[in-house]
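Subject: Structure for you to look at

Dear colleague,

I am handing over the structure that we spoke about, and below it I have written out what was found. Please read the notes with the structure open beside them.

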Amino acid sequence: MAATIITTEDLREFKHELLEDIKAIINHQSGFAPKKWFKSPEVRDLLSISPGTLQNLRINGTLPYTKVGGVIYYDYEEILKVMEDNRIHNKF
């Protein structure tokens, strides 16, 4: 019988897929659909950041945004993507 080696990266990938599946099931059952567009105060509350930090994220291009009239909107999926892209994996 051949042995299968599972790496740490395999486990991380499995965890990520499992969490995404669980989120999808919960969202489907509860009927919860997050808003597509968030205004600045909602993003600041969501990320627990100051107005200046949010402005810096816009200026340096970290967080994409759309401006309509004088109102700035942020795509919820883009916020999640920025959070995921900036995740730090400590190796202990």
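Helices here are DSSP runs of H or I with at least four residues, strands are DSSP runs of E with at least two, and both are numbered from the N terminus. Counted in this way, the protein chain has four helices and three strands, and read along the sequence they follow the pattern α-β-α-α-β-β-α. The radius of gyration, taken over C-alpha atoms, is 18 Å for the protein chain, well over the 12 Å that the globule rule gives for 92 residues, so the chain is more spread out than a compact globule. That rule is 2.2 Å times the number of residues to the power 0.38.

Before going further, please keep in mind that this is a predicted model, in which local features need pLDDT of at least 70 and side-chain atom pairs count only at pLDDT 80 or more, whereas totals for chains, interfaces and linings use all residues. Residues are numbered from 1 along each chain as its sequence is written, and side-chain values use heavy atoms, with hydrogens and water left out.

Along its principal axes, the C-alpha trace of the protein chain spans about 65 × 35 × 20 Å. Of the 92 residues, 13% count as buried, where buried means under 20% relative accessible area, exposed means over 50%, and partly exposed lies in between (1.4 Å probe, protein chains only). A contact means heavy atoms within 4.5 Å, and residues 24 or more positions apart account for 50% of the contacts with a separation of 6 or more.

The UniProt record, an unreviewed entry, carries the annotation "domain: Helix-turn-helix" for residues 37-86, although such annotations may be inferred rather than shown by experiment. Over residues 37-86 the chain is 54% helix and 22% strand, and the end C-alpha atoms are 21 Å apart.

Next comes the largest pocket, which has a volume of about 660 Å³. On a 1 Å grid over the protein atoms alone, a pocket is an open set of points where a 1.4 Å probe fits, with protein on both sides within 12 Å along at least five of seven lines, and lining residues have an atom within 4 Å of a point. Of the 22 residues that line the largest pocket, His16, Glu20, Lys23, Glu84 and Arg87 are the closest to its centre. The largest share of the lining, ten residues, comes from α1.

Thr62 lies in the loop between α3 (51-59) and β2 (66-68), is partly exposed with a relative accessible area of 31%, and touches Leu57 and Val82, not counting residues up to four places away in sequence. Ser48, in the loop between α2 and α3, is exposed at 67% relative accessibility, and its phi is near 55°, a positive value in a residue other than glycine. Most residues other than glycine have a negative phi. Thr4, finally, sits in the segment before α1 and is exposed, with a relative accessible area of 70%.

With best wishes

Key. Points joined across faces, edges and corners; volume = space filled by probe spheres on them.
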